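Student: Hi! Could you walk me through this protein? I'm new to reading structures.

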Amino acid sequence: MAQETMQFKTELEQLLHLITHSLYSHREVFLRELISNACDAIDKIRFQGLTNPDCLEDNTDWKITLRADEEAGTLILTDNGIGMSREDVIENLGTIAHSGTKAFLARAQEADLKENPELIGQFGVGFYASFMVAESVTVDTKAHGTEAVRWSSNGTGNFTLDAIEKADRGTTITLHLKEDAKEYLNEWTIRSTVKKFSDFLEHPVTLITTQKDEESEVEEEKEEQINSQKAIWLRPKNEITAEEYSEFYKHLSHDMNEPAETIHYNAEGAIEFKALLFIPEKRPFDLMMNHDPKAHLNLYVQRVFISNEFDNLLPGYLRFVKGVVDASDLPLNVSREILQENPQLEKIRNNLVSRILKTLAQIKEKDFEKFSGLHEEFGTLLKEGLQSDWSNKEKIADLLLFESTTKEPGEKTTLAHYIENLTDDQEEILYLAGENRDQIANSPYLERYKAEGREVLLMTDPIDDFVMPQLMEFKGKKLKAVNKGEQDDTDALKEEEKTFEGFIGYAKELLNGVKEVKLTTRLKDSAAVLVGEENTMSPHIEEMMRRMGQPVPETQSVLELNPEHPIVQKVQALHAANDSKAEALTHLLHDQAVLASGAKLKDPAAFTTRLNDLLSEA
Ligand code: ADP
């Protein structure tokens, strides 16, 4: 087939422009990205070979080779992995394959990459990192049962495709190095970079160098393995340095930051496996951008990489955890689908979850500040677990931090502390959910509790309103939203009720959308408040959903009136005296209760008219 020239997809063109023009430091990561791709390609074909040995083509001496050609100024990477067909090449190297890449672009345009070169690592821009060091790149590749193809590009605008002859399955990438990147032809530089990034890879990485024989002056090639190939998770903990852990973490996560916590252990007994897990310091970018609520750990069976797509290895709410699990008891020669069903996986999962939750609890005990930082990043995800992981509900709840009425803004407390600080036999953990602390700290719902000196937790994460009711109780204490549900009627109200009976009936008739009108002891300074039913959405959440264009069911709240309040008494008296002003004032009582609840007024114009009428009389 003749040469074909194709255009890069627009986003990719932008990405390449950024890479070639903005990124000068951390350039060495290109080698990690390319070796990592080669390693993945080997894992893929080896895995396919388990169920379809034909595709192996007897080419199973797994290896990644590097060759530096000083004369030509090229660095050449070869693997005998899965290779790519023509379609694969167009799809993988001509469009944006990696989900992180789009996110990277969105962010990179704003951020000055010159100042924040570490950004590139976070997004795993992978193959395209080659253009940081190469002025042009050629990829020769052949997949089992397809024609070989050559992809070439100088990283601007377009790429070309040619049909080529290539005997073996796999991929060879040739980088024509830029003048200022020739250091990557240097044997020592290559060795130290591979050592740093890829030492633990399970496939051998070899370096081919040419040497002149002193006597005969004949050029000889020498091939030498330059990585130790020791899977880091199989090595004893005390022999692994913090730096090795860190490099491995970065290799796995594409994160440039250090991991906040490393969890490395062997499970023995009913199930046997080795796990090396990392808790990142910051929420990984792809976690914020893509809405895939699944956790992706790398699963190995006896050192053979199986998949990073098993979603039953770790529940979704722990998807911020990165790492490797190597199990010895799982069968190797079965398809991914069958393996995914294996009951051992569930046991492994339960063990991993316990270990992660325990580690988080230990951090909380030992280093509250560090834990607060992690909670800031991952607290919202953990809360999803209250809904999905019933067996660990209490442990998860014990890891949550909240602001409270008795603490300074920004200072956090825990449910356990809340209970410890109770001075009487209070049976409930009181909380109020709202948009932000400023908005709820002076809310009428808190008046009574403030007067009684009770602590109320203030919850401002939008997910709180959904998940806290699911928790139901913690250490035997019920969770109670102070803006929802009944409260114990005191006998004191019985007397008042007689006085207010007529007015209450009137108000209920007058006010549309109010489920009921009644007297309350909930309030001290405020006149009226709206109270939702247990297990309904809070008004601020309804408001948020409306803004996002979501349908929100009409909920009917109860209007509670404070019989001690002079305005309430006044309106009652006006109504009793058949005064026509009672109507507008009753509406106003309701309106202010709506506003205080965090919702919006249905008819702001009517509200303004009533208020103005009232003001003009004053
Ligand atoms: P990522 O590896 O993060 O998916 P890359 O841009 O590095 O992103 O690579 C895009 C895709 O190209 C890979 O997902 C893979 O399918 C394919 N690819 C890259 N390098 C190789 C290789 N050496 N052998 C086979 N396929 C490759």
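Tutor: Happy to; we can start with the whole chain and then visit single residues. One thing to keep in mind is that this is a predicted model.

Student: Okay, how many helices and strands are there in the protein?

Tutor: There are 21 helices and 22 strands.

Student: And what size of box do the C-alpha atoms fill?

Tutor: Along the principal axes, the box is roughly 120 × 55 × 40 Å.

Student: How much of the protein counts as buried?

Tutor: Of the 618 residues, 52% count as buried. As for the surface, the protein exposes about 29700 Å², and carbon and sulfur atoms supply 46% of that area.

Student: What about charges? How far apart are the mean positions of the positive and negative ones?

Tutor: They are 3 Å apart, with 69 positive and 112 negative charges in the protein.

Student: Switching topic: which residues touch the most other members of the largest nonpolar core?

Tutor: Phe273 and Leu352 do, in a core of 101 residues. Helix H10, residues 343–366, gives the most to this core, with 8 residues. There is also a second, separate core of 67 residues, and Ile19, Leu31, Leu177 and Ile240 are among its members.

Student: What does Phe273 touch, then, if we skip residues up to four places away in sequence?

Tutor: Its partners are Tyr265, Asn266, Ala267, Val325, Asp326, Ala327, Ile348, Asn351 and Leu352.

Student: Can we look at the start of the chain? Where is Glu4?

Tutor: Glu4 sits in strand S1, which covers residues 4–7. Leaving out neighbours within four places in sequence, Glu4 is in contact with Arg86, Phe159, Thr160 and Leu161. Glu4 and Leu161 are 157 residues apart in sequence, yet their C-alpha atoms are 5.1 Å apart in space.

Student: Why does Glu4 count as partly exposed?

Tutor: Its relative accessibility is 30%, and partly exposed is the class between under 20% for buried and over 50% for exposed.

Student: Now Ser152: buried or exposed?

Tutor: Ser152 is buried, because its relative accessible area of 19% is under the 20% cut-off. Ser152 belongs to strand S5, residues 149–153. Beyond its neighbours within four places in sequence, Ser152 is in contact with Val137, Thr138, Phe159 and Thr160.

Student: And what about Lys518, buried or exposed?

Tutor: Lys518 counts as buried, at 17% relative accessibility. Lys518 lies in strand S20, residues 514–519. Setting aside residues up to four places away in sequence, Lys518 touches Glu486, Ile504, Val558, Leu559, Glu560 and Leu561.

Student: Last one: what is the phi of Asp58?

Tutor: The phi of Asp58 is near 55°, a positive value in a residue other than glycine. Asp58 is in the loop between helix H2 (29–51) and strand S2 (64–69). Asp58 is exposed, because its relative accessible area of 80% is over the 50% cut-off. Met472 has a positive phi of about 65° and is not a glycine either. Met472 lies in the loop between helix H16 (464–471) and strand S18 (473–474).

Student: Thanks, that helps!

Conventions
Residues numbered from 1 in each chain as written. Predicted model: local features only at pLDDT ≥ 70, side-chain atom pairs only at ≥ 80, totals over all residues. Heavy atoms only, no water. Helix = DSSP H or I, 4+ residues; strand = E, 2+ residues; numbered from the N terminus. Buried < 20%, exposed > 50% of the residue type's maximum accessible area, 1.4 Å probe, protein only. Areas by Shrake-Rupley, 256 points an atom, 1.4 Å probe, with all protein chains shown as cover. Lys, Arg positive; Asp, Glu negative; His and termini not counted. Charge placed at Lys NZ, Arg CZ, Asp CG, Glu CD. Contact = heavy atoms within 4.5 Å. Core = buried A, V, L, I, M, F, W, Y, C linked by side-chain atoms within 4.5 Å.
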